[in-house]
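The following exercises are to be worked through with the sequence and the model at hand.

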Amino acid sequence: MEQKDYLLRQLEMIGPMIMYMLGIWREGRINDALDYGAESLENLTALPLNELDVIHQDDIVKFLTEEKELLAGQVRIIAEFLYRIGEIRHKEDFPIGRETLLKARRLIEWHELTTGVFSFEVQNMKKGIEQMLTG
């Protein structure tokens, strides 16, 4: 039960962090936004973004769940951060924006299948990823 409470608190912390990250991006502070997102991700999951960047999308679930032994809630946190970081990278034409979005999609889909949790927020992320990848 303590683990579940801890994960819920982490999920509640994500919103303000991401809103701040997106706010400074919209102010034109692209690198600051990406740095803040990477730092927040690492603080919550102990995983540096550069470590996630080198993993292929097909291997990311196995890496996180088997190698790093993360729980589904932690994978969900990583998926949301990768979605937001991927959104910035994609819209700013960073070379790895597409790959970041593909990793986020893979994690979101895994989380849905594993937990059976389907939320409006997650559906919007999936729709956003598809629009960016096909647009």
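Predicted model: local features only at pLDDT ≥ 70, side-chain atom pairs only at ≥ 80, totals over all residues.

Residues are numbered from 1 along each chain as its sequence is written, and side-chain values use heavy atoms, with hydrogens and water left out.

**Exercise 1.** Determine which residues of helix 7 are buried and where they lie around the helix axis.

*Solution.* 
Step 1. Helices are DSSP runs (H or I, at least four residues), numbered from the N terminus. Helix 7 has 15 residues and reaches 21 Å from its first C-alpha to its last, close to the 21 Å expected at 1.5 Å a residue; the expected span is 1.5 Å times one less than the number of residues.
Step 2. Buried means under 20% relative accessible area, exposed over 50%, and partly exposed in between (1.4 Å probe, protein chains only). Val122, Met125, Gly128, Ile129, Met132 and Leu133 are the buried residues of helix 7.
Step 3. Viewed down the axis, these buried residues fall within an arc of 125°, so they line one face of helix 7. The arc is that of the directions from the helix axis to the C-beta atoms. An α-helix has 3.6 residues a turn, so residues three or four places apart point the same way.
Step 4. Phe120, Lys127, Gln131 and Thr134 are exposed on the face of helix 7 turned away from its buried side.

**Exercise 2.** Identify what the buried residues of helix 7 pack against.

*Solution.* 
Step 1. Contact means heavy atoms within 4.5 Å. The buried residues of helix 7 pack against helix 5 (72-91) and helix 6 (97-115).
Step 2. Helix 5 is itself mostly covered, with 17 of its 20 residues buried.

**Exercise 3.** Is Glu112 buried or exposed, and with which side chains does the side chain of Glu112 make polar contacts?

*Solution.* 
Step 1. Glu112 lies in helix 6 and is buried, with a relative accessible area of 5%.
Step 2. Not counting residues up to four places away in sequence, Glu112 touches Val117, Phe118, Val122, Gln123 and Lys126.
Step 3. A polar contact is a pair of N or O atoms within 3.5 Å; within protein, one must be able to donate a hydrogen and the other to accept it, and residues adjacent in sequence count only if both atoms are side-chain atoms. The side chain of Glu112 makes such a contact with the side chain of Gln123 (2.5 Å) and with that of Lys126 (2.9 Å).
Step 4. Lys126, found in helix 7, is partly exposed, with a relative accessible area of 24%.

Methods:
Helix = DSSP H or I, 4+ residues; strand = E, 2+ residues; numbered from the N terminus.
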